[in-house]
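Dear colleague,

I am handing over the structure we spoke about, and below it you will find my notes on what turned up in it. Please read them with the structure open beside you.

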Amino acid sequence: MSEVKTYSLADVKSHNTNKSTWIVIHNDIYDVTEFLNEHPGGEEVLLEQAGKEATEAFEDVGHSSDAREMMKKFKVGELIEAERKQIPVKKEPDWKTEQQDDNQLKQWIVPLILGLLATILYRFYFTQ
């Protein structure tokens, strides 16, 4: 297994044209020059981030798992240790709450009471 090449941000900054387009995403460096014409958002999107740290822009768009998998073939190296940014761990949303039990009770009791009330009113007014 070969050792991963490391580059500085200064090295990456020199690759900011459509002839050589490098971007940094999550401390990994990608040469996306060959991908410019294929990018669904257009080459301008990549050229705008060329030679820069593009993690935030990449994550803001919400790329698919297929896009993340495709990125692997464009990786040319990583940032040097001194210039790496801390990558925040994304916490998965916790959809369960303590109020959920209370809400579940309301979800079926309220319609049940309304149904009973409607039945009683119907029988009272229309069956006499």
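**The annotated stretch and its surface**

The UniProt record, which is an unreviewed entry, places the feature "transmembrane region" at residues 108-126. Please keep in mind throughout that this is a predicted model. In the model, the span 108-126 is 100% helix and 0% strand, and its end C-alpha atoms lie 27 Å apart. A nonpolar patch is found on the surface, formed by Val 110, Leu 114, Leu 117, Leu 121, Tyr 122, Phe 124, Tyr 125 and Phe 126, which together have about 910 Å² of accessible area. One of these residues, Leu 121, belongs to helix H5, which covers residues 99-126, and Leu 121 counts as partly exposed because its relative accessible area is 42%, between the limits of 20% and 50%.

**The chain as a whole**

The protein chain contains five helices and five strands, and if you read along the sequence they follow the pattern β-α-β-β-β-α-α-α-β-α. Of the 128 residues in the chain, 26% are buried. Among the contacts with a separation of 6 or more, 67% are between residues 24 or more positions apart. The chain exposes about 10,400 Å², and carbon and sulfur atoms supply 56% of that area.

**What lies inside**

In soluble globular proteins, nonpolar side chains tend to be buried together. In this model, the largest nonpolar core has 11 residues, including Ile 23, Tyr 30, Val 32, Leu 46, Phe 58 and Phe 74. Apart from this core lies another one of six residues, among them Tyr 7, Val 12, Ile 29 and Leu 79. If you look at Val 32 and leave aside its neighbours within four places in sequence, you will find Val 32 in contact with Thr 21, Ile 23 and Leu 46.

Gln 49 lies in helix H2, residues 43-49, and is classed as buried because its relative accessible area is 17%, which is under 20%. Not counting residues up to four places away in sequence, Gln 49 touches Trp 22, Ile 23, Ala 54 and Ala 57.

**Two residues in a loop**

Most residues other than glycine have a negative phi. His 26, however, has a positive phi, near 55°, and is found in the loop between strand S3 (20-25) and strand S4 (28-31). Asn 27 is found in the loop between S3 and S4 as well, and its phi is also positive, near 65°.

**Charged pairs**

Side chains of opposite charge can pair when their charged atoms come close. The count here comes to six salt bridges. Asp 28, Lys 75, Glu 78, Glu 81 and Arg 84 are linked in a network of them. Within that network, Glu 78 pairs with Arg 84, their closest N and O atoms being 2.7 Å apart, while Glu 81 pairs with Arg 84 at 3.6 Å. Glu 78 is buried, at 18% relative accessible area, Arg 84 is partly exposed, at 30%, and Glu 81 is exposed, at 64%. Another salt bridge joins Lys 72 and Glu 69, with the closest N and O atoms 3.3 Å apart, and Lys 72 is exposed, with a relative accessible area of 56%.

With kind regards

Terms used:
Residues are numbered from 1 along each chain as its sequence is written. This is a predicted model: local features need pLDDT of at least 70, side-chain atom pairs count only at pLDDT 80 or more; totals for chains, interfaces and linings use all residues. Side-chain values use heavy atoms; hydrogens and water are left out. Patches are made of residues with over 30% relative accessible area and no salt bridge: like charges are joined within 9 Å, nonpolar side chains (Val, Leu, Ile, Met, Phe, Trp, Tyr) within 5 Å. Accessible areas come from the Shrake-Rupley method with a 1.4 Å probe; for residues, only the protein chains shown count as cover. A salt bridge is a side-chain nitrogen of Lys or Arg within 4 Å of a carboxyl oxygen of Asp or Glu. Helices (H or I, at least four residues) and strands (E, at least two) are DSSP runs, numbered from the N terminus. Buried means under 20% relative accessible area, exposed over 50%, partly exposed in between (1.4 Å probe, protein chains only). UniProt positions are given in the numbering used here, feature names are shortened, and annotations may be inferred rather than shown by experiment. Contact means heavy atoms within 4.5 Å. A nonpolar core is a set of buried Ala, Val, Leu, Ile, Met, Phe, Trp, Tyr and Cys residues joined through side-chain atoms within 4.5 Å.
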